[in-house]
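Me: I have a model open and want to go through it bit by bit. Can we start with a loop and work towards the ligands?
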Amino acid sequence: MSESPGMSKSRPFVIDFGFKVFLPSLATAVGISLLILHIFDNVFRQTDLIDNAYARRGAQAVVRSLRDGMNHLVDDNARSDEAMLHTQIAFDPGWLVDNWGIDDKQTFYDATFIIDSDGKTVFASTREDPTDLGRQDIRTYAGDAVLSMLASLPGPGGRFAKTAAILDTKGRFMVVGAGVIVPRFDEMKASRARQYRLVFAKVLTPDVLGQLSRQFYLDNLHFAVSRQPSTDSIALANPLGQVVGRLAWTDHSPGTELRIKFSDVVWALVMLFLGVVGALVYIGWRGFKQAHESREEAISASPRDDLTGLPNRRELMNVLIERLSSVRAKAAGLAVVYADLDGFKEVNDAYGHEVGDQLLKSAAAGFAFLAEGMDLVARLGGDEFAIIVSGPEYRERSRRLAANMIEFLVEPMVFGGRVASVSVSVGIVDVETDKIDVEEVLRRADVAMYAAKTAGRNRVHVYDALLDAKRDENRAIAHELRSAIDQHMLGVVYQPIVDARSRRMVGVEALVRWPKESPRHCPPDLFIPVAEEFGLIEDLGRLVLTEACRQAVGWPDIFVSVNVSPIQFMNPNFAEIVERTLHATGLAAGRLEIEVTEGFVIDNASRASAIIDRLHEMRVSVALDDFGTGYSSIGHLRRFHFDKLKLDRSMVVDILHQPSALRLVQGTVAMADALGLRVTAEGIEDENQVSVLRLAGCSLFQGYLFSKPVDARDIQAFLDQDRRAATATG
Ligand code: C2E
Ligand code: CA
Ligand code: CA
């Protein structure tokens, strides 16, 4: 059975939804989520930047306040009449020590220097050496840069001036202020030739920095000698413009802290948002599906099939329900004819959907014509049709209709130069009671149609209860077979094939056996078709082939013949499977024979021909099995290069009673001879058959007269016996 194009609509629907709703929603949701994350990220980053900017300004304020403080100090002390008096007018170290000397009470500065206009230190008092009094040079204390500070001050006679800067000496940072000592009120006449400068220095110890830290809300203020710029420090330059180090602090990064603190919240927010979007999409999906379903319903509510214009399954069901109810009322039965095209899929695959559709239309038109006057002709979908036949003589009319349908498809149809050939398998169910419902009627019709298919297609089968039983039985067999295959429980027996003249065993045929352990007794005639139907035949066949080859390795003088089902033979890898098996078991290819039946080579002529040639290349021989049951066409013998012909048992049985059968056998053997084929006669049960068939020219015999199929061990015993007889006579 096969579907016509456009029958499945669920996939496009899902794709439709995907493109129209799902993907846009997904894109929007992801976009907005990324936007939210981006905004938060920006806020956090900005917060960090703003905080950093504040800290930087704070650090600059620290430097400024240090310099300003020092400037004030210098201003207060250097602009003083008294200072003027005790330096320029009458230099008085005692006064200087009392006023500017460093002692424990002095916290504003850590060193005082008085420098004369020649740059000479005339007074010095430092925290380390409070009474130095001029022996120490200011350069040693404050570094070279202090000289340029002093140089920036005006010379003698100038006005008041001051300057302050941050300097370092060997990693020690200090704020230094310098100012010219001048009278506060300009009444004091002083020598203009000389001039003194007052210098204060305050060392910026960790304590001092700690205080500043608290005052300016900067964490861990400290000096870094490194000159590398960084975000958490500012450069300090001396009066020469040289960077002497950096004032650094520990960055807060409140944004980063916030980011850590709120990351869960942000993610929760994003998840919540995605959840809401998901819910909306789901609601959308429901709505979409509903709309789709109602559209589908509208389509399926239509009583007709689009392609053929015939009533569809729904309509058939409706009409059938109605007819079933009148079965009792009118005490009149009805029949349902259920048809499925054979080989439709192949036509579709080979020629495309267009030809397939045309074929369906033609078949539909033909069936409708043949069923003229009947209740209803419907297309159930794919290549299935059903016809309701009621009224007088519904049985005879349904049978005749089925026969006509088969007849109608005998002639191949031509579509645009392409020849499409299909047949039809028909199941018929008769309904005489209203005790069964529509589903059951259709199920039975389907079972009957299926029986027609498995019986070989292109035929009619009428439903009866045994069919159901048989179906169940087959299912059970298939089930057991599956596990028998998996557990390697199947047996293989061997039937000797003997030379017509010497009666010596020259070969064996391998025959599969149902497991001995099973309570069921099941001959291969029964389970081989089940294996074919349920897809088990390839595994089964491979098992038998391997086992037969494995055994035959131990019987060097005879050939082994293995039955191969058409399904196996049709497998494109069949020749390879054979080759691999030979390789794995070590059997010489020349000792293997494959038995195929005629039915297969007719259906797949070119394929069969290729496979047979391929086997020949490998030196494997091929026998045509069961000759005389089917078509038994001499033409086939000529077309395919078989090595051997096996006359079916039915022919062998008939020769003793029917002269025509004998003539047929004689003719066949003569023809085979002419084509160079050897002939094996199967099913020989008595000596009369032997003499007649020998005369007719058969060269090999197989049958119960010589031996039934036996275990491998018995074949070995036969071989040993033959060898003894040979040595005795020889
Ligand atoms: P077949 O290939 O025609 O095998 C010959 C059948 O005839 C065997 O039945 C054999 O036991 C039976 N037979 C042989 N000599 C006589 C005789 O003198 N009198 C009578 N009455 N019967 C005789 P078996 O083993 O039951 O096999 C039946 C069929 O099952 C085979 O027919 C073959 O078509 C199929 N078959 C058996 N084994 C395999 C297998 O491994 N693979 C496939 N695909 N089919 C197999
Ligand atoms: Ca056979
Ligand atoms: Ca046979």
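Reply: Arg 619 sits in the loop between α19 (605-617) and β20. Helices (H or I, at least four residues) and strands (E, at least two) are DSSP runs, numbered from the N terminus.

Me: What kind of model is this, and how is it numbered?
Reply: This is a predicted model, where local features need pLDDT of at least 70 and side-chain atom pairs count only at pLDDT 80 or more, while totals for chains, interfaces and linings use all residues. Residues are numbered from 1 along each chain as its sequence is written, chains are lettered from A and ligands numbered from 1 in the order in which they are written, and side-chain values use heavy atoms, with hydrogens and water left out.

Me: Back to Arg 619, is it buried or exposed?
Reply: Arg 619 is exposed, with a relative accessible area of 60%. The cut-offs are under 20% relative accessible area for buried, over 50% for exposed, and partly exposed in between (1.4 Å probe, protein chains only).

Me: What about phi of Arg 619?
Reply: Phi of Arg 619 is positive, about 75 degrees, although Arg 619 is not a glycine. Asn 220 also has a positive phi, near 55 degrees, and is a residue other than glycine.

Me: Where does Asn 220 lie?
Reply: In the loop between α6 (206-216) and β6 (222-224). Asn 220 counts as partly exposed, at 49% relative accessibility.

Me: What does Asn 220 touch?
Reply: Not counting residues up to four places away in sequence, Asn 220 touches Ser 213, Ala 248, Trp 249 and Thr 250; contact means heavy atoms within 4.5 Å. With the side chain of Thr 250, the Asn 220 side chain makes a polar contact at 3.1 Å. A polar contact is a pair of N or O atoms within 3.5 Å; within protein, one must be able to donate a hydrogen and the other to accept it, and residues adjacent in sequence count only if both atoms are side-chain atoms.

Me: Now the metals. Which protein donors does the calcium ion (ligand 2) have?
Reply: Glu 509 (OE), Asn 563 (OD1), Glu 595 (OE) and Asp 625 (OD), lying 2.1 to 2.3 Å from the ion. Donors are N, O and S atoms within 2.8 Å of the metal (3.2 Å for Na, K and Ca); water is not among the atoms, so sites may look incomplete.

Me: Where do Asn 563 and Asp 625 sit in the fold?
Reply: Asn 563 is in strand β18 (residues 559-563) and Asp 625 in strand β20 (residues 621-627), so this pair ties together parts 62 residues apart in sequence. Asn 563 is partly exposed at 29% relative accessibility, whereas Asp 625 is buried at 7%.

Me: How far apart are the two calcium ions, ligand 2 and ligand 3?
Reply: They are 3.9 Å apart, and Asp 625 coordinates both.

Me: Then ligand 1. Which residues come nearest?
Reply: Of the 21 residues around ligand 1, the nearest are Gln 495, Arg 513, Asp 625, Glu 685 and Tyr 704; a residue is near a molecule if one of its heavy atoms lies within 4 Å of it. β17 (505-513) gives the largest share of the shell, 4 residues.

Me: Last topic, the nonpolar core. How many residues does the largest one have?
Reply: It has 77 residues, and those with the most contacts inside it are Tyr 494, Leu 540, Leu 592 and Ile 594. Such a core is a set of buried Ala, Val, Leu, Ile, Met, Phe, Trp, Tyr and Cys residues joined through side-chain atoms within 4.5 Å. Helix α15 (residues 537-552) gives the most to this core, with 7 residues.
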